Amino acid sequence: MVMDDDARAPEIPSEVIDALRRAERVVAFTGAGISQESGVPTFRDAQSGLWARFSPEELATPEAFRRNPKLVWEWYAYRRGLVAQAEPNPGHRALVDLARCVPEFALVTQNVDGLHQRAGSRDVIELHGNITATKCFEEGVIVEDYAEGGAVPPRCPRCGGLLRPGVVWFHEALPAEALERALDRARRADVFLSIGTSTVVYPAAELPFVAREHGAFVVEVNPQRTPLTAKAHCSLRGPSGSILPAIVRGLERALAESRGS
Ligand code: APR
């Protein structure tokens, strides 16, 4: 067990620290829960006030955009504003530190808020895109320079098509290259951490199960049970903002001890 100066710090089972200390390859897979402590509302939580009367299918599908591009653009502009007000929390920062403690680390996220990158994580594999990115609806390519302040949505400077947010909507495929990289990392992982995700939205949700089948030690970090809980080697029930820093402290201590012995 990890002993800690702070009596409120969660205890991390020694099997988790041992697995991380021995691991060559570690994957962290995150969902909306890790950003919850930053105050980023989930898609459904953001649907308050004016937005409550719309279903997700009216706001986050290609069909919705075709039907009412202005409404969909404005919904994402509103959510971009919410994300801009949020700051990375200790859970995001602990993953930056964890990457420094292990030989090979991959961070795969379903989140579109960019908080991992703002905390300092590099090479984040984004399965559902990024809310700050903009794509051309016609060509599907990322567009960086476009005129704002005119038509809503703005137009693509290359082809004149409508611009859309660079996220993956319901009914859309995940970016193939990102999904393939994530699956490859999951298959090769020694330790796989599934953090703050309900593990129900496929295909992303298959990653921890793939890692498990290929021999990874699977650790779940979530205050609630999920479909993964019964399959995980260890389920750490609590908020990632305190559990992840405790994991990193425990690992740093174990590494220092093994260097000293
Ligand atoms: N720390 C860790 N986990 C938390 C915390 C916390 N502080 N607070 C909540 N959770 C957990 C919840 O118990 C839940 O299991 O985070 C999970 C969030 O689940 P979802 O809202 O379903 O988010 P996610 O799994 O990322 O959803 C996947 O579905 O809505 C679409 O495209 C969207 O990327 C999203 C995808």
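Reader: Hey, at what angle do helix α1 and helix α11 pack?

Author: This is a predicted model, and in it α1 (residues 14-22) and α11 (residues 240-260) pack at an angle of about 60°. Their axes are 9 Å apart.

Reader: Okay, what does that make α1 relative to α11?

Author: That angle makes α1 oblique to α11.

Reader: And is the crossing left-handed or right-handed?

Author: α1 passes α11 in a right-handed crossing.

Reader: Which residues make the contact?

Author: From α1 there are I17, L20 and R21. On the α11 side, the contact is made by I247, G250, L251, A254, L255 and S258.

Reader: How does that contact split by class?

Author: The contact of α1 with α11 has 6 nonpolar residues, 2 polar and 1 charged.

Reader: Switching topic: how many disulfides does a search of the whole structure find?

Author: The search turns up 0 disulfides.

Reader: Is C159 buried, exposed or partly exposed?

Author: C159 counts as partly exposed, because its relative accessibility is 38%.

Reader: Is C234 buried or exposed, then?

Author: C234 is buried, since its relative accessible area is 7%.

How values were computed
Residues numbered from 1 in each chain as written. Predicted model: local features only at pLDDT ≥ 70, side-chain atom pairs only at ≥ 80, totals over all residues. Heavy atoms only, no water. Axes fitted to C-alpha atoms, helices over the stretch in contact; angles between N-to-C directions. Helix = DSSP H or I, 4+ residues; strand = E, 2+ residues; numbered from the N terminus. Parallel < 35°, antiparallel > 145°, perpendicular 65-115°, else oblique. Left-handed = near helix turned anticlockwise from the far one by under 90°. Contact = heavy atoms within 4.5 Å. Nonpolar A, V, L, I, M, F, W, Y, C, P; charged D, E, K, R; others polar. Disulfide = S-S within 2.5 Å. Buried < 20%, exposed > 50% of the residue type's maximum accessible area, 1.4 Å probe, protein only.
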